Amino acid sequence: QVQLVESGGDLVQAGGSLRLSCAASGSIRRINAMDWYRQAPGKQRELVAGITSGGNTNYADSVKGRFTISRDNAKNTVYLQMNSLKPEDTAVYYCNADILQFGALLSRGYWGQGTQVTVSS
């Protein structure tokens with residue numbers, strides 16, 4: 001089985017920084033794309049940032065220039081460095097990874113349990 005565990009969420013003042021981590025574990029043959037999503041109360045879950053296995057990245061317009069996604073393939077971990085945080089960044093942040101398990105023919109997406117980020121004004 002595969003498990004994704006996020007950490008790093010916290011309460012922070014506007015203008016502050018946080019670094020989220022998401023570690024994948026289990027029967028993993030290969031991890032393809034790894035993404036960060038967020039969901040604020042009453043809103044749909046949205047893609048924040050993504051990174052391919054080769055290191056190509058993409059960002060939502062709302063976080064460009066403030067957030068940086070990175071990954072450590074040796075540790076099966078993806079990070080999200082969040083700077084210049086705003087109250088509107090308040091949400092539960094989830095990681096998603098496209099993972100090929102040993103013995104499987106196709107990869108599939110897995111979700112973490114989420115980590116709360118709260119930015120006070």
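This is a short talk on the fold of one predicted protein model.

First, the ground rules. The model is predicted, so local features need pLDDT of at least 70 and side-chain atom pairs count only at pLDDT 80 or more, while totals for chains, interfaces and linings use all residues. Residues are numbered from 1 along each chain as its sequence is written, and side-chain values use heavy atoms, with hydrogens and water left out.

Let's start with the whole protein. How many helices and strands does the protein hold? Zero helices and eleven strands. Both kinds of element are DSSP runs, numbered from the N terminus: helices are H or I with at least four residues, strands are E with at least two.

Now the overall dimensions. Along the principal axes, the C-alpha atoms fill a box of roughly 50 × 25 × 25 Å. The accessible surface is about 6500 Å². Carbon and sulfur atoms own 46% of that surface. Such areas come from the Shrake-Rupley method with a 1.4 Å probe; for residues, only the protein chains shown count as cover.

What about the inside? Of the 121 residues, 41% are buried. Buried means under 20% relative accessible area, exposed means over 50%, and partly exposed is in between (1.4 Å probe, protein chains only). Next, contacts, meaning heavy atoms within 4.5 Å. Take the contacts between residues at least 6 apart in sequence: 56% of them join residues at least 24 apart.

In which order do its four strands run? The order is β1-β3-β8-β7, in an open sheet with antiparallel pairing. The edges are β1 (2–7) and β7 (67–72), and each pairs on one side only. On average, neighbouring strands here are turned by 15° against each other, direction ignored. For that angle, axes are lines fitted to C-alpha atoms, for helices over the stretch in contact, and angles run from 0 to 180 degrees between N-to-C directions.

A word on pairing. Strands of a sheet pair through backbone hydrogen bonds, either parallel or antiparallel. Here, two strands pair if DSSP finds at least two bridges between them. β7 and β8 (residues 77–82) have six bridges, in the antiparallel sense. Within this pair, Thr68 stands opposite Gln81 in β8.

Next, the disulfide. There is one in the structure. The term means a pair of cysteine sulfur atoms within 2.5 Å. Cys22 is joined to Cys95, with S to S at 1.9 Å. Why does this pair tie together parts that are 73 residues apart in sequence? Because Cys22 sits in strand β3 (residues 18–26) and Cys95 in strand β9 (residues 91–101). Cys22 is buried, at 1% relative accessibility. Cys95 is buried too, at 1%.

Look at Ser21, also in β3. Buried or exposed? Ser21 has 18% relative accessibility, so it counts as buried. Leaving aside neighbours within four places in sequence, Ser21 is in contact with residues including Val5, Trp36 and Tyr79.

Last, two loop residues. Most residues other than glycine have a negative phi. Asn76 is not a glycine, yet its phi is positive, about 50°. Asn76 lies in the loop between β7 and β8, and at 25% relative accessibility Asn76 is partly exposed. Ser84 also has a positive phi, near 50°. Ser84 is in the loop between β8 and β9. With a relative accessible area of 42%, Ser84 is partly exposed.
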